[in-house]
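I opened this model to see what I could read from it. These are my notes, in the order in which I looked things up.

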Amino acid sequence: MRRALVGVGAVLLGAAVLRVGLTDALLPNHPQAAAAVWPGHPQVRIQQGLTKIGEAAAKGQAPSADAIAEVGGSLAAAPLATAPFLVAGTQAVASGRAAAAEHDFAEVRRRDPRNVAARYFLAQHYLSGGRDLDGLRELAALARLLPNADALIGPAISAYLRQGHDPARVRSVLASDPALKEQVLATLAANADNAKLVLALAGTPAPNRPVPGWVQTLAQAMIDKEQAAAAYTVWSGLSGVRAPAGGLYNAGFADKRSPPPFNWSIPTSDAGLAEPGSGGLNIVYYGRSDATLASQHLLLSPGRYRLAMSVDGNPQGALSWTLTCVASKAVLGSLPLRSGPVAGSFVVPAQNCPVQRLELVGRMQDSSQTLSATVSRLQLGREG
């Protein structure tokens with residue numbers, strides 16, 4: 001008899017486990033099928049209540065008391081459920097009971113730390129209530145939880161900073177989330193007016209580490225706002241470059257770490273390519289279209305300058321160095337390349353030319369053909 005009872009018990013237990021397993025498996029994507037398997041399951045009741053609440057919201061109506069009771073009444077049978085607290089928190093927000101809403105959403109976070117809705121409400125609640133550090137921590141948590149959330153949360157933190165809040169607090173939060181920190185810095189760097197904030201958040205750059213792209217963004221934004229000297233100071237400090245402003249930087253093309261605009265910009269192009277080599281620049285130009293193969297911004301003071309170099313190969317007049325005023329776009333001169341020593345002079349005017357752009361350009365010839373050359377011993381200095 002005892003063995004028979006054990007056998008029956010095992011069968012009943014197996015059926016119960018199967019019922020629970022079927023219900024849990026069906027709930028996320030097939031709530032109606034789950035309800036057919038186990039109508040009284042607390043999670044089924046919660047799901048049905050949430051569905052009714054969602055349907056009412058879609059019609060612009062308040063949820064019925066029965067729907068709310070269906071969700072809240074299941075808490076005793078499902079003590080770890082978060083939905084009852086989400087519903088209660090939402091009601092508390094709607095009725096202006098901020099303290100009750102905070103309690104409910106904090107309980108959701110405690111039960112489910114990955115719950116996005118709770119984190120989002122708490123972030124807003126803390127920031128609007130002056131609890132900056134708590135709010136920033138919630139935003140940082142959201143950035144880790146949501147795919148591509150940095151693109152949304154970064155601008156939010158940036159706006160928060162621009163309101164005059166202490167960057168030191170933000171820096172302490174961002175220290176635990178490098179990806180979010182980079183997003184915030186990239187957002188701020190697009191506006192030259194944020195230079196001080198960027199410097200305060202970025203801190204001292206680590207030596208021998210890649211320089212992030214937002215350094216170039218900020219420097220270029222400052223140049224565009226006619227803050228060229230300050231742009232060089234910011235670029236130099238964040239890139240770790242110890243070179244005075246004004247002249248040509250990295251004439252030997254050895255520094256591949258520092259970004260433009262005050263180091264070489266060497267774009268990838270179908271028209272040709274340039275590649276730093278041992279002390280020089282190796283160039284291949286296909287002659288199919290005009291192209292800029294290398295360029296750098298300069299801060300030359302007014303006066304006459306001499307550009308000199310050695311060229312190996314036969315560019316056949318298709319390659320040349322051009323110096324242009326960035327503000328006026330006036331071309332100050334062009335120096336065609338030929339095999340052997342090459343030198344030429346440029347005059348930087350005193351008016352409307354605080355920033356210049358030196359470019360190595362390829363000009364399409366009548367008969368397109370692949371040309372190669374190497375530029376080395378590049379020098380730029382005042383004449384006389």
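**Entry 1: Asn115**

I looked up Asn115 and found that it counts as buried, because its relative accessibility is 11% and buried means under 20% relative accessible area, with exposed over 50% and partly exposed in between (1.4 Å probe, protein chains only). The model is a predicted one: local features need pLDDT of at least 70, side-chain atom pairs count only at pLDDT 80 or more, and totals for chains, interfaces and linings use all residues. Residues are numbered from 1 along each chain as its sequence is written, and side-chain values use heavy atoms, with hydrogens and water left out.

Where is Asn115 placed? I found Asn115 in the loop between helix H6 (98–111) and H7. Helices (H or I, at least four residues) and strands (E, at least two) are DSSP runs, numbered from the N terminus.

Next I checked what Asn115 touches. Contact means heavy atoms within 4.5 Å. Not counting residues up to four places away in sequence, Asn115 touches Thr82, Leu86 and Val108. Asn115 and Thr82 are 33 residues apart in sequence, and their C-alpha atoms are 8.9 Å apart in space. The side chain of Asn115 also reaches the backbone nitrogen of Ala118 at 3.0 Å.

**Entry 2: Gln356**

Is Gln356 buried or exposed? Gln356 is buried, because its relative accessible area is 0%. I placed Gln356 in strand S8 (residues 356–362). Its side chain reaches the backbone oxygen of Cys353 at 2.8 Å. Leaving aside neighbours within four places in sequence, I noted contacts of Gln356 with several residues, including Gln296, His297, Leu323, Thr324 and Val348.

I then followed strand pairs. Two strands pair if DSSP finds at least two bridges between them. Strand S1 (residues 272–276) and strand S2 (residues 280–285) run antiparallel and are joined by five bridges. Glu275 stands opposite Asn282 in S2. The hairpin of S1 and S2 has three residues between the strands, and there Gly279 takes a positive phi near 80°.

Which strand holds the bridge partner Thr374 of Asn282? The answer is S9. S2 and strand S9 (residues 371–382) run antiparallel too, with six bridges.

I checked backbone angles next. Arg377 lies in strand S9. Its phi is near 50°, a positive value in a residue other than glycine. Arg377 is exposed, because its relative accessible area is 67%.

Gln316 has a positive phi of about 55°, although it is not a glycine. I found Gln316 in the loop between strand S4 (303–313) and strand S5 (319–325). Gln316 is partly exposed, with a relative accessible area of 43%.

A cis peptide bond joins Pro260 and Pro261, with omega about 10°. Pro261 lies in the loop between helix H14 (228–239) and S1.

**Entry 3: pockets**

I needed the terms before the numbers. On a 1 Å grid over the protein atoms alone, a pocket is an open set of points where a 1.4 Å probe fits, with protein on both sides within 12 Å along at least five of seven lines; lining residues have an atom within 4 Å of a point. Grid points are joined across faces, edges and corners, and a volume is the space filled by probe spheres set on the points.

The largest pocket holds about 330 Å³ of space. It is lined by 17 residues, and the closest to its centre are Glu182, Ala202, Pro205, Ala206 and Pro212. Helix H11 (178–189) and helix H13 (213–224) each supply at least two lining residues. H11 gives the most, with four.

The second largest pocket has a volume of about 200 Å³. Of its 13 lining residues, Tyr120, Ala123, Gln124, Leu139 and Ala156 lie nearest its centre. Helix H7 (116–128), helix H8 (132–145) and helix H9 (150–162) each supply at least two residues of this lining.

**Entry 4: whole chain**

Last, I noted the totals. The protein chain has 14 helices and nine strands. Of its 384 residues, 41% count as buried.

Methods:
A polar contact is a pair of N or O atoms within 3.5 Å; within protein, one must be able to donate a hydrogen and the other to accept it, and residues adjacent in sequence count only if both atoms are side-chain atoms.
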